[in-house]
Amino acid sequence: MAVMQRLKQKTRQFIDSKHMLTSITAASFLESTIVPIPLEAVLVPLMQARREKLWLIALMATLGCIIGALFGYALGYYLFDAVGDWVINTFSNPEQFEHVEQQMQQQGFWFVIMLGIVPIPFQIAMLAAGATKYSLIMFLIATTIARSIRYFGLALVVYYAGNQAERIITKHKTKAMLGLTVLVLVIWLLTTVI
């Protein structure tokens, strides 16, 4: 909890900084690659404070995550033999990664969307996509959709709820994630039936 408080304090310090958008992009890149911290703790107060840049903040967070996803994909694609074991043991376990590999081969697009929305480290999807040589274009499309839902969804809540957004997000985050997960699963199942 102390980490979250420090993040909020640092957020307030750079709200008016000329490097704010670059910092959000960098933080999103780091969050999607090596630092699995919830970026929402920084984004929501920032979006509330800088409503005139609300959509731009969401865009830059999405862009940072996409760049991070490309980095993770490249790691899986080119360096999996060298660093794969370390990453698997750090963020997951071999059995879970084997399951992820199987899912990538069968339903990679929907699997990436699912992991991009639910609160599971996205590093698993990036490495699995690269390690299994999943289509880079399909991976980028799925990543863009999933992360846009996440960050632009936050922006929508801030747009409509204003200063109450943080309270609303905290109160309803689990329900929203569950609802989005069910929606994606239903669409996923419909695409396999049709």
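These legends walk through close-up views of aromatic rings in a predicted model. Residues are numbered from 1 along each chain as its sequence is written, and side-chain values use heavy atoms, without hydrogens and water. Local features need pLDDT of at least 70 and side-chain atom pairs count only at pLDDT 80 or more, while totals for chains, interfaces and linings use all residues.

**View 1. Tyr73 and Tyr77 form a stacked pair.** Searching the whole structure gives eight aromatic pairs (rings of Phe, Tyr and Trp, the latter by its six-membered ring, with centres within 6.5 Å; planes under 30 degrees apart are stacked, over 60 edge-to-face, the rest tilted). Here the centres are 6.0 Å apart and the planes meet at 20 degrees, so the pair is stacked. Both residues belong to helix 4 (residues 54-91), four residues apart, or about one helical turn (helices are DSSP runs of H or I, at least four residues, numbered from the N terminus). Tyr73 is buried at 8% relative accessibility, whereas Tyr77 is partly exposed at 32% (buried is under 20% relative accessible area, exposed over 50%, partly exposed in between; 1.4 Å probe, protein chains only).

**View 2. Tyr73 also pairs with Phe139.** With centres 5.2 Å apart and planes at 35 degrees, this pair is tilted. Phe139 lies in helix 7 (residues 136-161) and Tyr73 in helix 4, so the pair ties together parts 66 residues apart in sequence. Both residues are buried.

**View 3. Lys133 meets the ring of Tyr77.** The charged end of Lys133 sits over this ring, 4.5 Å from its centre (NZ of Lys or CZ of Arg within 6 Å of the ring centre and within 35 degrees of the ring normal).

**View 4. Trp55, Phe152, Tyr159 and Tyr160 form a cluster.** Ring pairs link these four residues.

Notes:
Helix = DSSP H or I, 4+ residues; strand = E, 2+ residues; numbered from the N terminus.
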